[in-house]
Amino acid sequence: RVLTLWEGMVKRDRGLMYDMYDPFFRINVNKMQFVGMNMPIYYFNPELKLYEIKGNVARINVKVEYEVRGVKLHGKEVKEPRKETVTAETWLFIDDNWYRQYVDNLSEASLVKY
């Protein structure tokens with residue numbers, strides 16, 4: 001499921017991304033609004049690097065390349081060339097499946113408290 005989500009991110013399939021997020025996020029965020037949001041980050045070549053599962057919580061590291069295009073900040077377009085990073089994600093096992101915990105990239109906040 002981790003790589004399925006990341007392949008959706010590579011293909012820019014926000015509907016698939018939404019469906020893979022935790023139910024706490026999905027109950028609070030409208031799918032059509034999420035699907036219609038701008039996605040200025042482009043992803044390439046995701047690769048599962050490390051995972052640790054404890055009960056119904058999994059910590060996942062994914063190596064991925066990304067590039068930023070078309071972000072407007074103070075009236076100027078911001079671009080960032082393609083580079084590699086390793087993400088740290090939390091996945092939750094809920095109702096017989098794994099879901100990625102939604103974390104806001106700016107505030108690092110989540111709707112899940114455990």
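Four strands make up an open sheet, ordered β1-β2-β3-β4, with antiparallel pairing. Strands here are DSSP runs of E with at least two residues, helices are runs of H or I with at least four residues, and both are numbered from the N terminus. Two strands count as paired if DSSP finds at least two bridges between them. From one strand to the next, the twist averages 25 degrees.

Before we go further, a word on the model: it is predicted, so local features need pLDDT of at least 70 and side-chain atom pairs count only at pLDDT 80 or more, while totals for chains, interfaces and linings use all residues. Residues are numbered from 1 along each chain as its sequence is written, and side-chain values use heavy atoms, with hydrogens and water left out.

Let's walk along the sheet. Strand β1 pairs with β2 (residues 57–73) in the antiparallel sense over 11 bridges. Along this pairing, E52 stands opposite R59 in β2, and L50 has N61 in β2 as its bridge partner. The β1 and β2 hairpin has two residues between the strands, and G55 takes a positive phi near 65 degrees there. On the next step, β2 and β3 pair in the antiparallel sense over 14 bridges, and R59 stands opposite T90 in β3. The hairpin of β2 and β3 also has two residues between the strands; in this hairpin, H74 takes a positive phi near 55 degrees.

V71 is worth a stop on strand β2. V71 is partly exposed, with a relative accessible area of 27%; buried means under 20%, exposed over 50%, and partly exposed in between, with a 1.4 Å probe and protein chains only. Leaving aside neighbours within four places in sequence, V71 is in contact with P40, K76, E77 and V78, where contact means heavy atoms within 4.5 Å. The largest nonpolar core has 19 residues, and W6, M17, Y43 and W91 have the most contacts inside it. Such a core is a set of buried Ala, Val, Leu, Ile, Met, Phe, Trp, Tyr and Cys residues joined through side-chain atoms within 4.5 Å. Its largest share, six residues, comes from β2.

What does W6 touch, not counting residues up to four places away in sequence? The list is Y43, P46, V62, V64, T87, E89 and R100. W6 is buried, with a relative accessible area of 1%, and Y43 is buried too, at 14%.

The structure also holds nine aromatic pairs. W6 and Y43 form an edge-to-face pair, 5.2 Å centre to centre with 85 degrees between the planes. This pair links distant parts of the chain, since W6 sits in helix α1 (residues 2–10) and Y43 in strand β1 (residues 41–54), 37 residues apart. Rings of Phe, Tyr and Trp (its six-membered ring) pair if their centres lie within 6.5 Å; planes under 30 degrees apart count as stacked, over 60 as edge-to-face and the rest as tilted.

The rings of F25 and Y102 have centres 4.1 Å apart and planes at 20 degrees, so this pair is stacked. F25 counts as buried at 3% relative accessibility, whereas Y102 is partly exposed at 21%. Ring pairs join Y18, Y21, F25, F34 and Y102 into a cluster.

Two arginines complete the tour. R1 lies over the face of Y99, 5.0 Å from the ring centre, and the charged end of R69 sits over the ring of Y42, 3.7 Å from its centre. A charge sits over a ring if NZ of Lys or CZ of Arg is within 6 Å of the ring centre and within 35 degrees of the ring normal.

Methods:
Axes fitted to C-alpha atoms, helices over the stretch in contact; angles between N-to-C directions.
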